[in-house]
Amino acid sequence: MPRSQAIALALLVAFIAAAPFLLFPVYVMKVLCFALYACAFNLLLGYAGLLSFGHAAYFGMGSYLSAHAAKVWGFTPELAIVTGGLTATALGAAFGYLAIRRQGIYFAMITLALAQMVYFFCVQAPFTGGEDGIQAVPRGALLGVLDLTPDFTLYWVVAAVFLAGFLFLYRIVHSPFGQVLKAIRDNEPRAISLGYRSDDYKLLAFVLSAAIAGIAGGTKAIVFQIATLTDVNWPMSGEAVLMTLLGGIGTLFGPVVGALIIVTLQAELAQFGAWVTVIQGVIFVACVLAFRRGVVGELQQAIRRPL
Amino acid sequence: MSELWYELEPFLQQGTLGLVNGAFYAILSLGLAVIFGMLNVVNFAHGAQFMLGAFVAWMLLNWAGIGYWGALVLAPLLVGLLGVVIERTMIARLYKLDHLYGLLLTFGLALIIEGTMRNAFGSSGLPYQVPEAFRIPPVDLGYMLMPAYRFWIVVVSLVVCLGTWYAIEKTKLGSYLRAAVERPQLVQAFGINVPLMMTATYGAGVALAAFAGVLAAPVYSVNPAMGANFIIIVFAVVVIGGMGSILGSIVTGYILGVIEGFTRVFYPEASATVVFVIMAIVLLVRPTGLFGRA
């Protein structure tokens, strides 16, 4: 790991360790869940060059299945989250297989349409509870031993899930597999001519991204004890895009910073209703027109070191 | 009447009603295809502009006393003008970048438009009466009675779609347009103002969406979410049809509307998702789309 990234990681760990003493644990947990979600999305957009507009499907199904497993099947929280992650993995494999058949903007439209299909499924399927969602999900006890009901205890579990996911993504991006992904992003025909089966690489990246998005969704369901249609609807897909764009596409820490900003913004502006949507739209437009590198991307440019 | 007719009649009826949805799919996917062909931008704001068309019709009626027929002309003009401003001030800066940025920008615009309308009018929806001229007995098609206004939607959408197709494929201006799609630099060198054509194309595509919005106002309640619901289905329609062909996108739009109608007969629960399922099947069998070029 380059020194700039090592320092940034140390700062991030220090922030996560200090945060519950300084801020509301639930707020920080929300940031961490969305940061992991955005990081998973960034694996696809930033490193494979694939713009998925349907990540809500994996986040939302992860959320629903974790909630269902914890509430109805009585799973312990870690098993519930794994259930959500596995569901998202399976869904990601099926949808990824379809979506990688087209490129560029078609890829974006296909993933969006498939995710909307999942949304309509969730509206009708009995287990999701329709408009009410799955409420009063028990937080349960970790491994059946450690009671997670207090926010402060749960916080360390969520922090561990986030860091594990974050480091796993770092590992993927910096592995030979990640190098090939970047090669495909930059010049797919050349990567193919070098003998790489680009479709296999893209599919695996898609599945990994969906899996981690599902784990983020499942963790969110345990934290807030609820899974609803909001988790699986298209604005949720847009949020992953927004956080990554604002933080910096293809940077390691960008999605985390983006998630921090957007979640904070949503919390501060909650009382203004639909203005949140307008402001998010304005951020989108501003980022695309004048700020394409994002916060971390600009920082990276300024210090001339990768972040 | 025979047994077979008894079986077929509901299909015929629902299929005909499906043409109404198909009319909107056709106009919207046509607009998307025209804009994409010329600007290489997927206009995510298309749904929001459709919704804006409906709202402008409502505002014209309630604030200025201008009725349906006036709105059918004025709303597309006003929203199209907004499209021109958007293209000049924002989209025009992105032509040299990756196509994805156009998608992201217009997604942001869609959020702004939708959020603004939700702030101004709430999310519950506003009523828009079926215009006076259509409060007449339904049209007798032999196998069913079709409400006059819905019949009008199908007819007028066909006229608009075929008119657009004719303008692009058969007129001189259309030939410039098609040439500029293939070789913009060369066409520019011949002294044709290509940037102006791009602006006009975007404005016209947006106006088409707004026109569809006015048509939709009396059928669906005028509400801020109506655009998003439509645009995602239209994206699937566009993937199925492929954006390479103008006529292809029109035909695909109507066909999918009809299939949606059929689905309502034998498995109503799937009618919301059938378009997406067909998209998945098309991707498996013919990834470039039915009318697409590789």
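**Close-up views of a two-chain predicted model**

**View 1. Met279(B) and the residues around it.** Leaving out residues up to four places away in sequence, Met279(B) touches Ala113(A), Ala236(B), Val239(B) and Ile240(B); touching, or being in contact, means that two C-beta atoms, placed from the backbone, lie within 7 Å. This is a predicted model, where local features need pLDDT of at least 70, side-chain atom pairs count only at pLDDT 80 or more, and totals for chains, interfaces and linings use all residues. Residues are numbered from 1 along each chain as its sequence is written, while chains are lettered from A and ligands numbered from 1 in the order in which they are written.

**View 2. The largest nonpolar core.** Which residues touch the most other members of the 210-residue core? They are Ala35(A), Leu36(A), Tyr37(A), Met109(A), Ala113(A), Ala210(B) and Met279(B). Helix α2 (residues 25-48) of chain A gives this core its largest share, 18 residues. A nonpolar core here is a set of buried Ala, Val, Leu, Ile, Met, Phe, Trp, Tyr and Cys residues joined through C-beta atoms within 7 Å. "Buried" means 20 or more other C-beta atoms within 10 Å of a residue's own, "exposed" means 12 or fewer, and "partly exposed" is in between. In soluble globular proteins, nonpolar side chains tend to be buried together.

**View 3. Where chain B meets chain A.** The contact takes 33 residues from chain B and 34 from chain A. On the chain B side, the elements giving two or more residues are α4 (99-121), α9 (226-241) and α11 (274-285). The largest share of that side, 16 residues, comes from α4(B). Sorted by class, the chain B side has 23 nonpolar, six polar and four charged residues. For this sorting, Ala, Val, Leu, Ile, Met, Phe, Trp, Tyr, Cys and Pro count as nonpolar, Asp, Glu, Lys and Arg as charged, and the others, Gly among them, as polar.

**View 4. Chain A as a whole.** Chain A has 13 helices and two strands; these are DSSP runs numbered from the N terminus, with helices (H or I) of at least four residues and strands (E) of at least two. Its C-alpha trace spans about 50 × 40 × 40 Å along the principal axes. Of the 307 residues of chain A, 54% count as buried.

**View 5. Ala56(A) and its surroundings.** Setting aside neighbours within four places in sequence, its contacts include Ala115(A), Asp231(A) and Trp234(A).

**View 6. Helix α13 of chain A.** In α13 (residues 294-303), Gly294(A), Val295(A), Val296(A), Gly297(A) and Gln300(A) are buried. Their cover includes α10 (234-247), α11 (254-269) and α12 (275-290) of chain A. After α13(A) comes Arg304(A), with a positive phi near 55°.

**View 7. Two loop residues with positive phi.** Most residues other than glycine have a negative phi. Ala136(A), however, has a positive phi near 50°, and sits in the loop between α5 (104-124) and β1 (141-142) of chain A. Ala136(A) is exposed, with 8 other C-beta atoms within 10 Å. Gln225(A) isn't a glycine either, yet its phi is positive, about 60°. You'll find Gln225(A) in the loop between α9 (198-224) and α10 of chain A, where it is partly exposed, with 16 other C-beta atoms within 10 Å.
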